[in-house]
Structures are given as C-alpha cells and as structure tokens.
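Hi everyone, thanks for coming. Let me put the structure up on the screen, and then I'll walk you through a few parts of it.

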Amino acid sequence: MVYEKSTRGFNEFTSNQRTLSVRERQVLLLVNGVRNLDDLNKFFKQDQLLDTIKKLESEGYIQRPLGQEEQRAQQATAASHTSPITISLLETTEQATPICPTKLATVKSILIEATDDYLGMMGRGIKAKIESCEDETSLRQCISSWHMAMRESKLGRESASFLMEQIHQTLEGNIIDSASSTQPQH
C-alpha cells in the first residue's frame with residue numbers, strides 16, 4: 001500500500017511547531033506517494049512502522065493517493081483557505097547566524113537515537129561528542145563523523161541517507177525561521 005503526505009503532513013515540516021515524535025517524523029518524511037510499505041519496512045521494524053502509519057493516517061498526516069478529480073477538488077479547497085508559501089534558498093547573510101536551540105536539540109536527538117539504534121557500543125565516542133556539541137560548527141563536525149560511521153555500519157548503511165535528508169531539512173528550516181521570524185523562540 002502507498003501513502004502520500006496530506007496538507008497537514010506537509011505543514012509538519014514547514015511550520016515552526018512540531019507535533020510528532022522523531023520516529024513519526026522519520027516515517028512521515030519517507031512517505032512520498034511512491035514508496036510502499038515494503039519499501040518503508042527496509043528502514044523500520046514492521047510492528048513500529050504499522051503502528052506509526054496507522055497513527056499518521058488516523059490523525060490526518062498521510063492519506064492514500066487521491067484520484068485526479070479528488071485532487072483538483074482538494075487543491076481548489078486548499079487554495080481558497082491558504083496563502084502560497086515562497087521559500088528563497090538564494091538569500092545569504094554576511095555572517096553565520098547562531099543555530100536555533102530547538103533545531104540543535106532536534107538534530108542531536110536524531111543523531112543520538114540513530115547512534116543507539118545502529119551503532120551500539122561502537123558509537124559511544126560519537127554519541128559523547130554529539131551530546132557535548134553546543135554550536136553549529138561542532139554539530140556539523142559531529143554530523144560528518146556520525147554519517148561516516150553510519151555508512152560503514154552494516155545496520156546503519158541503509159538508514160544513513162534518509163536520516164541525513166531529515167537532518168538537512170531540519171537545518172534548512174533554521175534558514176526559513178531566521179528569515180521569516182524576528183521573534184525569539186522559546
């Protein structure tokens with residue numbers, strides 16, 4: 001069975017408020033209207049995946065792909081209720097902005113959880129470095145070390161790419177936050 005993100009599912013990645021756990025966001029990230037449950041089973045334990053899929057579907061984050069008529073009707077409804085979002089990736093600043101503490105905590109959580117799940121005792125040193133990083137530079141160094149260890153790991157190899165995709169989306173969200181909001185985040 002194939003699922004796709006609903007409008008609520010897309011909003012989970014574009015808004016500043018997170019309502020899902022890290023695991024639920026990982027599954028939501030991989031749901032793209034093309035991958036079926038067998039493809040997703042390569043990344044997650046089957047019982048956890050099925051529970052997460054059921055939860056995401058029941059709460060409206062994912063849906064079965066719509067037919068063309070249903071898609072047009074949904075797009076027309078959505079267009080009348082929302083304004084378009086424009087994201088510019090070309091804007092750059094002269095000096096690096098400090099990383100948002102929420103983004104730092106989210107990325108560290110992804111890294112630590114994956115280290116525990118896939119690297120085991122071999123990842124203890126990397127985990128200690130991840131836990132101690134406090135700024136963007138040290139975080140990027142930890143991500144690099146972590147990614148290399150994941151790629152070399154028999155268990156982590158298959159998951160490394162999609163986890164990196166999730167980390168990049170989280171960090172890119174920092175650019176969106178700093179450009180669109182001048183209020184401090186709590």
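**A cavity and its lining**

Let's start inside: α6 contributes five residues to the lining of the second largest cavity, the most of any element. Before I go on, please note that this is a predicted model, where local features need pLDDT of at least 70, side-chain atom pairs count only at pLDDT 80 or more, and totals for chains, interfaces and linings use all residues. Residues are numbered from 1 along each chain as its sequence is written, and side-chain values use heavy atoms, with hydrogens and water left out.

What do I mean by a cavity?

By type, the lining has five nonpolar, one polar and three charged residues (nonpolar: Ala, Val, Leu, Ile, Met, Phe, Trp, Tyr, Cys and Pro; charged: Asp, Glu, Lys and Arg; polar: the others, Gly among them).

Now stay with α2 and look at its packing with helix α4 (residues 46-58): the angle is about 80°, and the axes are 10 Å apart. The two helices α2 and α4 are therefore roughly perpendicular (65 to 115 degrees). Axes here are lines fitted to C-alpha atoms, for helices over the stretch in contact, and angles run from 0 to 180 degrees between N-to-C directions. From α2 come Glu 24, Val 27 and Leu 28, and from α4 come Leu 49, Thr 52, Ile 53, Lys 55 and Leu 56, contact being heavy atoms within 4.5 Å.

Stepping back, the protein has nine helices and two strands (DSSP runs numbered from the N terminus: H or I, at least four residues, for helices; E, at least two, for strands). Of its 186 residues, 35% are buried (under 20% relative accessible area; exposed is over 50%).

Finally, Gln 141 sits in helix α8 (residues 136-152). Gln 141 is exposed, at 52% relative accessible area.

Terms used. Angles under 35 degrees count as roughly parallel, over 145 as roughly antiparallel, 65 to 115 as roughly perpendicular and the rest as oblique. Buried means under 20% relative accessible area, exposed over 50%, partly exposed in between (1.4 Å probe, protein chains only).
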